[in-house]
Amino acid sequence: MTSKGLRTYLKMQFKGCELEIADAAHREQIVMELTRGRPSPMLVLNTCQRFECFGTEIPEDPRWKITARWDARSAFERMARIAAGLESRIIGELEVLGQVRTAYKTFREATGGNAKQLDRIFQDALALGREARRISEVDRNLTSLSALAARTMMKKLPPTAPVAVVGAGSLAGSVARYLNKRGNHPVRVTSRCPDNAFSLAVELGGFSTALDQLDHLFDGVSGIISATAAPHALIFPHHLEKAARPLVIIDLGEPPDCDSVIRTEPDIIYISLLDIERKAHINTEERVQRAEVAARVIRDGALAWTARS
């Protein structure tokens with residue numbers, strides 16, 4: 001098959017899907033399997049708010065439920081919309097760019113640069129997302145969610161007070177770095193992936209623990225930032241017995257990472273993801289109008305991509 005013929009074939013076979021993982025503890029293992037352990041390479045977006053795969057097949061497995069499927073043009077458009085921040089709770093949010101770049105980097109490393117035609121599709125989709133941002137200015141004057149969360153925490157904590165971070169993904173990592181560098185707060189980390197937690201802790205000069213040692217992690221901390229993709233609560237009152245009081249918790253999990261009892265305790269200042277979003281005065285009418293412009297750019301770009309041979 002010629003290079004042009006292969007490119008056209010892969011475009012026709014290109015597809016995407018959203019997965020619901022039955023056991024969140026296995027997410028990292030499943031990411032590894034999907035990116036490195038299958039005959040057909042895949043790009044996997046694994047964040048607090050999504051688990052989506054893109055490639056030339058729909059992965060079927062009893063460990064997950066497929067909740068959405070996209071054909072070639074829809075999958076291409078979906079990737080571009082994610083990169084532009086149009087599929088995020090905060091329209092135009094910036095964290096997703098880092099998440100998409102990380103997913104693409106993982107794909108490149110897994111394939112060794114040998115899946116050139118599929119690689120080209122990903123590059124084109126991400127470039128379209130960036131172009132939509134540039135034309136629409138959908139992210140103009142937008143403060144990142146991580147910066148908003150970190151600033152909120154810093155306003156409520158004494159200087160140099162220790163902070164625990166639950167999660168080591170893109171969002172949690174950005175918050176931790178902000179607190180450590182701009183607020184001079186010592187940071188300790190845990191995550192469902194011990195290697196990621198350890199790497200982030202070393203980078204910030206702190207320490208990490210296993211996710212089943214939260215009582216040790218929270219010993220003496222004045223603040224807790226949690227941002228995981230767990231489908232259920234991870235933090236319960238008995239984990240907080242040795243934490244300082246008053247204790248500030250910013251819970252960026254969706255659903256919340258904290259048990260409902262914690263959210264109403266009088267000596268705990270509990271701030272949810274929704275609270276942070278409200279403070280930001282985001283998704284204004286102006287930003288929604290810019291998002292409509294970005295959506296048109298992407299829709300037209302996806303149609304043009306489909307038409308090209």
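Are Arg 69 and Glu 60 buried or exposed?

Solution. Buried means under 20% relative accessible area, exposed over 50%, and partly exposed in between (1.4 Å probe, protein chains only). By these cut-offs Arg 69 is exposed, and so is Glu 60.

This is a predicted model, in which local features need pLDDT of at least 70, side-chain atom pairs count only at pLDDT 80 or more, and totals for chains, interfaces and linings use all residues. Residues are numbered from 1 along each chain as its sequence is written, and side-chain values use heavy atoms, with hydrogens and water left out.

**Exercise 1.** Find what the end-to-end distance of helix α3 should be, and compare it with the model.

Solution. Helices are DSSP runs of H or I with at least four residues, and strands are runs of E with at least two, numbered from the N terminus. The expected span is 1.5 Å times one less than the number of residues. Helix α3 covers residues 72–84, which is 13 residues, so the span should be 18 Å. The end C-alpha atoms of α3 are 19 Å apart, which agrees. After the helix comes Gly 85, with a positive phi near 85°.

**Exercise 2.** Decide how far α3 is enclosed by the rest of the structure.

Solution. List the buried residues: Ala 72, Ala 75, Phe 76, Glu 77, Arg 78, Met 79, Ala 80, Ile 82, Ala 83 and Ala 84. That makes 10 of the 13 residues, so α3 is largely enclosed.

**Exercise 3.** Describe the salt bridge between Arg 192 and Glu 28.

Solution. A salt bridge is a side-chain nitrogen of Lys or Arg within 4 Å of a carboxyl oxygen of Asp or Glu. The structure holds 21 of them. For Arg 192 and Glu 28, the N to O distance is 3.5 Å. Arg 192 lies in the loop between β6 (187–190) and α8 (194–204), and Glu 28 in helix α2 (residues 27–36), so the pair ties together parts that are 164 residues apart in sequence. Arg 192, at 27% relative accessibility, is partly exposed; Glu 28, at 24%, is partly exposed too.

**Exercise 4.** Do likewise for Glu 203 and Arg 177.

Solution. The closest N and O atoms of this salt bridge are 2.7 Å apart. Glu 203 lies in helix α8 and Arg 177 in helix α7 (residues 170–182), so the bridge ties together parts that are 26 residues apart in sequence. Glu 203 is partly exposed at 43% relative accessibility, and Arg 177 is partly exposed at 31%.
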